[in-house]
Amino acid sequence: MLSSFSRFFIVVFSSLLFASVVVAEEQSTKNFLGTDSDLYEKMWREQGHQVVNQIAGDQPSAFLGFSPSLSVSNSRFPNAYIRPNGKIVLTVGMLALVESQSELAFIIAHEIGHLLLEHHQGKGEQQNDKNSEALELEADLFALKALTSAGLETSAGIDLLLRIAAFGEKQSLGTLYPTLFKRAELLRRHLGA
Ligand SMILES: [Zn+2]
């Protein structure tokens, strides 16, 4: 597993499927757009680094084969993706939905999973929905394992996916639902919950 990584092409997987993270607090980040964006990004990057260390130890590059880094993009739509160089991009829309460090860890681990599992391999061709759904499920299970070994809250993925679904519902983004519910259901089954 550790040797399976590569760094070509931009990997944009979780598109439209992910949500964000707000470190164990009330949802006061909803109005974050008015805050100093540099500070905001710095805060999230620090949180992200902590999470990466929880998942991959003190030397993530030795453990994973690449060095994950974190950056925040301005889109209000909940989304996350990883680039082939290990840069994980989270939108502010995603971060606004995150409510715990475990949820942040779930997203980050999910994205790391895409890169480790070489999900970008099919990049040339258009991936069909079924195929991309399978990749999402696979990355979710990877994230679940990572959270389990890190001693983090294993139900975080379920909570987060359902919260994203609820967000999509509110915003009338109906197409998001089936995959999100399916993903949450798979996690639930693996947790035996
Ligand atoms: Zn994904």
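Visitor: At what angle do helix 4 and helix 6 pack?

Guide: Helix 4 (residues 101-116) packs against helix 6 (residues 156-170) at about 85 degrees, and their axes are 8 Å apart. Axes here are lines fitted to C-alpha atoms, for helices over the stretch in contact, and angles run from 0 to 180 degrees between N-to-C directions. This is a predicted model, where local features need pLDDT of at least 70, side-chain atom pairs count only at pLDDT 80 or more, and totals for chains, interfaces and linings use all residues. Residues are numbered from 1 along each chain as its sequence is written.

Visitor: Roughly parallel or roughly perpendicular, then?

Guide: Helix 4 is roughly perpendicular to helix 6. The cut-offs are under 35 degrees for roughly parallel, over 145 for roughly antiparallel, 65 to 115 for roughly perpendicular, and oblique for the rest.

Visitor: Which residues make the contact?

Guide: From helix 4 they are Ser 102, Glu 103, Ala 105 and Phe 106, and from helix 6 Ala 156, Gly 157, Asp 159 and Leu 160. Contact means that the C-beta atoms, placed from the backbone, lie within 7 Å. By class there are four nonpolar, two polar and two charged residues. Ala, Val, Leu, Ile, Met, Phe, Trp, Tyr, Cys and Pro count as nonpolar, Asp, Glu, Lys and Arg as charged, and the others, Gly among them, as polar.

Visitor: What's buried in helix 6?

Guide: Ala 156, Gly 157, Ile 158, Leu 160, Leu 161, Ile 164, Ala 165, Phe 167 and Gly 168 are buried. The cut-off for buried is 20 or more other C-beta atoms within 10 Å of the residue's own, exposed is 12 or fewer, and partly exposed is in between, with C-beta atoms placed from the backbone. Just after helix 6, Ser 172 takes a positive phi of about 60 degrees.

Visitor: Switching to the sheet: what's the strand order?

Guide: The order is 1-3-2, in an open sheet of three strands with mixed pairing. Strand 1 (69-73) and strand 2 (80-82) are at the edges with a single partner strand each, so one side of each has no neighbour in the sheet. The twist averages 20 degrees from one strand to the next. Strands count as paired if DSSP finds at least two bridges between them. The strands themselves are DSSP runs (E, at least two residues), as are the helices (H or I, at least four), numbered from the N terminus.

Visitor: And how many bridges for each pair?

Guide: Strand 2 and strand 3 (residues 87-91) are antiparallel over three bridges, while strand 1 and strand 3 run parallel, joined by five bridges. Ala 80 has Leu 90 as its bridge partner in strand 3, and Ser 69 has Lys 87.

Visitor: Is Leu 90 buried or exposed?

Guide: Leu 90 counts as buried, because it has 30 C-beta neighbours inside 10 Å. Its C-alpha atom is separated by 9.3 Å from that of Trp 44, 46 residues apart along the chain.

How values were computed
Contact = placed C-beta atoms within 7 Å.
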